[in-house]
Amino acid sequence: MKIISLAGFLLLSLASALRPQAPAAAALEVAGAVATPLRLTAADLAALPRAGVETRSDGLAVRFEGVWMHEVLKKAGVPAGTELRGKALASFVIAEAQDGYQVVFSLAELDPMFTDSQVLLADTANGKPLSGAQGPFRLVAPKEKRGARSIRMLTRLEVVQLRKEVAGARR
Amino acid sequence: MKRVRQGAFILALTLIRLAAEPFDFRLSPGFPRPPVPENNPMSAAKVALGRYLFYDTRLSVNGKQSCASCHRQEFAFTDGRARALGTTGELHPRSSMSLVNVAYAPALTWADPKLDSLEQQALVPMLGTEPVELGLRGQESRALQDLQRLPLYQRLFAAAFPGEDDPFRLENVTKALAAFQRTIISTRSPYDRYRYGGDESAISGAAKRGEVLFFSGEKAGCFQCHGGWNFSGPVRYEGGPSVEPEYHNTGLYEKYAAPNTGLERHTGNPQDAGKFRAPTLRNIAVTAPYMHDGAIASLEEAVEHYSQGGRAAANPNRSTILRPFRLTAAEKADLIEFLRSLTDEKLLKDPRWSDPWR
């Protein structure tokens, strides 16, 4: 009897393990030197202050919507504005794509108190969720002349505090 | 009487409005208009004339070939051959290029950075002697007289070049041919419907996986040369910057023999040897064989070539973008499926660009 129930239990667990699960909503990880690590889904991004930009890459007009990068970093507790000083000014964000492609932005490059440059964490294009080689998340830097930092298939933002050893300097 | 006057007034207004309206390229939403030279504005009449001329064998020395002989609509305006064949049987050293979206190209032909006008380019196949393509050199007046004899052309030239006493000039032939070619625009492939139209069902799962490989620099990374919406690298468009063409040595040969030395032939710089323009990959599935001389027979072979980082990887001018990459057999199939999703079936059959003489 015991053996049968054990076998039954095993079968049940096996069945539940094999049962197709609804795919987990794709999430963007915000990690590293942040006060609050985040896992952001499209629903989370929808709840943050929304912004949009129209790009004309090779003349093709596309309207991207999402959240400014500085809003995302603020939510993760990364110093911004007047707080962005001292060591924080030597911090940078590694944006990483699903295939391992990586680009870097310094925190000041993303901060509207430092610069008018804009970097959008986009989740829709022309009103439709980003898919395939575009999404589900990407960065859009409409003011940059080359598209290479407008990283697609974005999966992770990692904040790194740079500590360059300087000879003779005290840490 | 009053009614007639009113009718004439409305007709005049309509004509004025039609003349003022920009030419309709029938672009998909968001796509830019191609640049049009100021001295050759677009008109429906000019495009109509250009279409007849494009398909007219009177524009060859022996009446055997037209532009369309090497630029066939069913092959996305290529000819299906490794190397093009001229009207007198002379073999061209290079492969006929697609005319699809040629209006956006920052430079024409495989490797001539100075040739960026379709009007100028039309003279190359007509009058060129190395090689002879249509073989019209010295026969220009005879050909123009042949055209002039047709009542059809009397009407078409007059409509295309209104107000000209004698519109039967070679310059007008090239203008009409250029205007016609500017209309050959493809933005309606299944991939366009998927990517820009938001139609998730427009392409297969395999093509979607292939898209990721295509755009991944860590995988195949094809987009690094065949980038942008035209899959060709830089494009020019109305109101856009005057971008320069890019040329790449894809490591096809250890040494590129004359006359196929590519950009070097035009710049004289040995470091430019073997560099050619990246053609659009739109409709690439119907434009085999590939490369400037048709050396690669199939898409499978092309993917193989690039996965080795170029079969002649030792070429010193080989693009630094190229490096070997490893794809599984399934991934290669996905990549090719993606390339097939760039075929615009409507373009291959659209009567706007078909032979009007048939």
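Here is a walk through the structure, from the overall build of its chains down to a few single residues.

What you're looking at is a predicted model, where local features need pLDDT of at least 70 and side-chain atom pairs count only at pLDDT 80 or more, while totals for chains, interfaces and linings use all residues. Residues are numbered from 1 along each chain as its sequence is written, chains are lettered from A and ligands numbered from 1 in the order in which they are written, and side-chain values use heavy atoms, with hydrogens and water left out.

Let's start with chain B. Its secondary structure has 14 helices and 2 strands; here, helices (H or I, at least four residues) and strands (E, at least two) are DSSP runs, numbered from the N terminus. The radius of gyration of chain B is 22 Å, close to the 21 Å that the globule rule gives for 358 residues, so the chain is as compact as a globular protein of that length. (That radius is taken over C-alpha atoms, and the globule rule is 2.2 Å times the number of residues to the power 0.38.) If you boxed up the C-alpha atoms of chain B along the principal axes, you'd need roughly 80 × 50 × 35 Å.

How much of chain B is buried? Of its 358 residues, 53% are, where buried means under 20% relative accessible area, exposed means over 50%, and partly exposed is in between (1.4 Å probe, protein chains only). The accessible surface of chain B comes to about 16,700 Å², and carbon and sulfur atoms account for 54% of that; such areas come from the Shrake-Rupley method with a 1.4 Å probe, and for residues, only the protein chains shown count as cover. Among the contacts in chain B with a separation of 6 or more, 66% link residues 24 or more positions apart, a contact being heavy atoms within 4.5 Å.

Now for the inside. The largest nonpolar core has 63 residues, and B:Leu53 and B:Tyr153 are those with the most contacts inside it. A nonpolar core, by the way, is a set of buried Ala, Val, Leu, Ile, Met, Phe, Trp, Tyr and Cys residues joined through side-chain atoms within 4.5 Å. Helix α8 (residues 170–182) of chain B supplies the largest share of this core, 6 residues. Apart from this core lies another one, of 34 residues, including B:Met97, B:Val212, B:Ala220 and B:Phe338. Which residues does B:Leu53 touch, leaving aside its neighbours within four places in sequence? They are B:Leu59, B:Leu147, B:Tyr153, B:Phe157, B:Val173, B:Ala176 and B:Leu177.

Helix α10 (residues 205–215) of chain B is worth a look too, as 8 of its 11 residues are buried. B:Val212 is one of these, along with others including B:Gly210, B:Glu211 and B:Phe214. The cover over the buried residues of α10(B) includes α9 (190–195) and α13 (329–340) of chain B.

Over to chain A, which has 3 helices and 10 strands. From the N terminus on, its elements run α-β-β-α-β-β-α-β-β-β-β-β-β. Buried residues make up 37% of its 171 residues, and chain A exposes about 10,100 Å², with carbon and sulfur atoms supplying 58% of it. In chain A, 58% of the contacts with a separation of 6 or more are between residues 24 or more positions apart.

A:Leu28 is buried, with a relative accessible area of 0%. Leaving aside neighbours within four places in sequence, its contacts include A:Leu38, A:Leu40, A:Leu121, A:Phe137 and A:Leu157. A:Phe137 is 109 residues away along the chain, yet the C-alpha atoms of A:Leu28 and A:Phe137 are separated by 7.5 Å.

Most residues other than glycine have a negative phi, and most peptide bonds are trans. A cis peptide bond, with omega about 0°, joins A:Gly135 and A:Pro136, and A:Pro136 sits in the loop between β8 (128–129) and β9 (138–140) of chain A. In chain B, a cis peptide bond joins B:Glu130 and B:Pro131, with B:Pro131 in the loop between α5 (123–127) and α6 (140–148). B:Thr109 has a positive phi, near 60°, and is partly exposed, with a relative accessible area of 25%. Phi of B:Met291 is also positive, near 75°, and B:Met291 is buried at 14% relative accessible area.
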